[in-house]
Amino acid sequence: MTSNVNTPQKVSAALDSAHVGDIQGALGTIRMDDEGPRVGVSAKMRTLLAIVGPGLIVMVGDNDAGAFSTYTQAGQNYGTRLLWTLLLLVPVLYVNQEMVLRLGAVAGVGHARLILERFGKFWGAFSVIDLFLLNALTIVTEFIGISLGLQYLGIPKVPGVLVAALVVLAAASTGSFQRFERVCLTLVAGSLLLVPIFFLAHPGFGQLTHDFLVPGMPGGASLSTVMLLIIGIVGTTVAPWQLFFQQSYIIDKRITPRFMNYEKADLWIGMAIVIVGGGAMFAFATATFAGHPEAGNFTDAAGVAQGLGKYVSKTAGVLFAIALIDASIIGAAAVGLSTSYALGDVLGLKHSLHRKPSEAKGFYAVFAGLLLVAATIVLIPGSPLGLLTEGVQTLAGVLLPSATVFLLLLCNDREVLGPWVNSLRLNVFTSAVVAVLVTLSIVLTASVLFPSIGSAAILTILGTGAGILLVGGVVFGVNRLRHPPATDPDAVDRSLRPTWRMPPIAMLTRPQLSTGRRIGLTVLRTYLLVAMIMVIIRIVQLALGH
């Protein structure tokens, strides 16, 4: 083991000098030389307020236009019978985001750069190209959400979409990280508009509680249709851009390992808001359309707003439209920044919200370009906006396993994380999550390529995936019993955690991938590449009417 794993590291590996300094949060500041203990509730609360931001923004940003569409579709078409999916996603969300949290605070280097440096140019380029394509399309869906909200409010589409794009760009381009985060937290507060809509719709609390805690399937519905919607919920709730954004944003906020517990609290708060918001959309969509002709006939988010205005109150419809615009704006900002951060990492560009546009031209040019191109596509008459939204969710589901695999590998890299590496228990859980995501990805890809796929085929794919997972678990367990490790793999000096940072990345030795791991990665990447191309071709065919 290299010496840097067993000795504290105080040299930062940050690639941008702007990433070193005081923590300047929206709700407080922590000086770089402030190393005193936090004694008392008041001191701890002030520290938490200064730290909150990354977890809140990445989680609420995930309840974006796609989430509004998916959750309300589930509620309008199937009631609250699929509400339990949100509860099952909690551990998946937390495990993924907690791992990137550690990588950001400890490594000081963005996700894309770590993949590039630890696995080579091929894998690094592949990851960034995947991210760029998916994020560009995701931002288009955010502006679709903005246009639908504006349409309901009676605001002209063209000026409204352009103003929204300029607002996002202006918020990020002031050269003040603190000012940008204040704008984002204001938008986070705006997401709570979903709560009064929930109470205005008067949903049944008993049924909600039951369906949240007890898994079930809608009666009389096609299994294949329901399964695809469940996969859509997974795709819209756990997205690849989240990994890249939160890691880079934590670095940009200058959060270090000594504040890890506060950042975990920030993440839990963000997750709570996501679950509340998603659950509220399930509930009020169910209550609004129950007993009306629109039940089971979801169209889009604008149709939900119209239903709320018609069956609940005009206030509910307006609040939903405003919440949709709010969520789409914060989603566009977060997704756009995840791309700019990643390209800045890989290309060696200055990339920080602490810098003004004149100091980081490439970083802001990518951000502005993504926003303006997305806004323009939405404004082009005849653009297949519905297909774009469906395609983005499909691609997110297809590409997510790849992102999670690299995340898992990085979190077991002791040169990168030292005493912060994953425990065996976390590795087992995350490996199972990856296996499930790959299986769902295959189902989703098959459903797009073969729209008439039946329940038997879907159950066969899921059963095969479950069988492989079970066999893999048995083989791992037997091998563990027959060949116990000479030393505990978790036997690292955890006392070094508060001060241990990854050394400058150039000083690290690139890990040597085993033959089995290299073959596994190649197979996974080949499948994902083929699946992504086939899905894109299918979407284009549908857009052309074939």
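## Helices around the largest cavity

Four helices, H6 (121-153), H11 (223-237), H12 (240-252) and H17 (385-410), each give at least two residues to the lining of the largest cavity. Helices here are DSSP runs of H or I with at least four residues, numbered from the N terminus. A cavity is a set of points, on a 1 Å grid over the protein atoms alone, where a 1.4 Å probe fits but cannot get out, and lining residues have an atom within 4 Å of a point.

This is a predicted model, in which local features need pLDDT of at least 70 and side-chain atom pairs count only at pLDDT 80 or more, while totals for chains, interfaces and linings use all residues. Residues are numbered from 1 along each chain as its sequence is written, and side-chain values use heavy atoms, with hydrogens and water left out.

## A look inside the cavities

The whole structure holds 6 cavities of 30 Å³ or more. The largest has a volume of about 140 Å³, the space filled by probe spheres set on the points. Among its 14 lining residues, Asp64, Thr138, Gly235, Thr236 and Val392 lie nearest the centre.

Next comes the second largest cavity, at about 120 Å³. Of its 13 lining residues, Ser127, Asp130, Pro240, Phe244 and Ala403 lie nearest the centre. Helix H5 (111-119), H6, H12 and H17 each supply at least two residues of this lining.

## Helix H2

Let's turn to H2 (residues 54-62): 9 of its 9 residues are buried, so this helix is largely enclosed by the rest of the structure. Buried means under 20% relative accessible area (1.4 Å probe, protein chains only). The buried residues include Pro54, Leu56, Met59 and Asp62.

Terms used
Buried < 20%, exposed > 50% of the residue type's maximum accessible area, 1.4 Å probe, protein only. 1 Å grid on protein atoms, 1.4 Å probe; cavity = no way out; pocket = protein on both sides within 12 Å on 5 of 7 lines; lining within 4 Å.
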